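Please examine the sequence and the three-dimensional structure shown here before reading on.

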Amino acid sequence: MSMRSIITLAALVAAVLPITAVSAQTMRAYTVRATRLYSGPLRNYPSVRYVGRGVRVSMHGCLRDWSWCDVTYRANRGWVAGDDLRVSHNGRRRGIAADMGVGVISFTFGSYWNTHYQGRRFYGERQRWQRQYDTAYRPEWGEREQRRDEGPRSNHGQYRNRQQSVDQPRMDHGKPDRRPHP
């Protein structure tokens, strides 16, 4: 390998390495008051666990309006209100703001719950909490989750393909036609 190739490779590694390290990095944060870790970015999602005042948590990022942050505390992953957290910035603990290097993340119910809560008691009511996500969704949560079963309902209570509902008339699948005949 030539010296020029080694220098080019070293420059490439130096350029890529900081980007990778920053994107995978978590930040230390501290709770301002006793709070709860929730399974979604609303207080009506199930509580994962209690977190005391002044406790250090690992923060993975916050929603783009800084209202809620995704954290880990003692191997429990969940959401804490942004107002309940402080990060060390310039030697002081401060409220979370855009210029502190806190990553912006999204909340996508299905993948988040499947990854972190399958063993939890409340996971058995997953459909209920999926409806909560569907009805309470907020733009600051990021790109809205698209589900396989999403779309208009047919008269059989099953979801239909969205393209079919736009381009084709509804099929009655052998049921008698109850509409009046002309």
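The model is predicted, so local features need pLDDT of at least 70 and side-chain atom pairs count only at pLDDT 80 or more, whereas totals for chains, interfaces and linings use all residues. Residues are numbered from 1 along each chain as its sequence is written, and side-chain values use heavy atoms, with hydrogens and water left out.

A disulfide is a covalent bond between the sulfur atoms of two cysteines. Here the term is applied to a pair of cysteine sulfur atoms within 2.5 Å. A search of the whole structure finds one such link: Cys62 is joined to Cys69, with an S to S distance of 2.0 Å. The link of Cys62 and Cys69 is right-handed, with 95° about the S-S bond. Cys62 has a relative accessible area of 0% and is buried; Cys69 is likewise buried at 0%. Buried means under 20% relative accessible area, exposed over 50%, and partly exposed in between (1.4 Å probe, protein chains only).

The structure holds 19 aromatic pairs. Rings of Phe, Tyr and Trp (its six-membered ring) pair if their centres lie within 6.5 Å; planes under 30 degrees apart count as stacked, over 60 as edge-to-face and the rest as tilted. The rings of Tyr38 and Trp68 have centres 6.0 Å apart and planes at 85°, and the pair is therefore edge-to-face. Because Tyr38 lies in strand β2 (residues 35–38) and Trp68 in strand β5 (residues 68–73), this pair ties together parts that are 30 residues apart in sequence. Helices (H or I, at least four residues) and strands (E, at least two) are DSSP runs, numbered from the N terminus. Both Tyr38 and Trp68 are buried. Tyr133 and Tyr137 form another edge-to-face pair, 6.0 Å centre to centre with 65° between the planes.

In helix α2 (residues 109–116), the buried residues are Phe109, Gly110, Tyr112 and Trp113. These pack against β5, β6 (76–81) and α3 (126–136), where contact means heavy atoms within 4.5 Å.

Thr31 belongs to strand β1 (residues 27–31) and is buried, with a relative accessible area of 4%. Its side chain reaches the backbone oxygen of Gly52 at 2.6 Å, and a polar atom of that side chain lies 3.0 Å from the backbone nitrogen of Val55. Not counting residues up to four places away in sequence, Thr31 touches several residues, including Arg53, Asp84 and Leu85.

Key: Polar contact = N/O pair within 3.5 Å; in protein donor to acceptor, adjacent residues only side chain to side chain.
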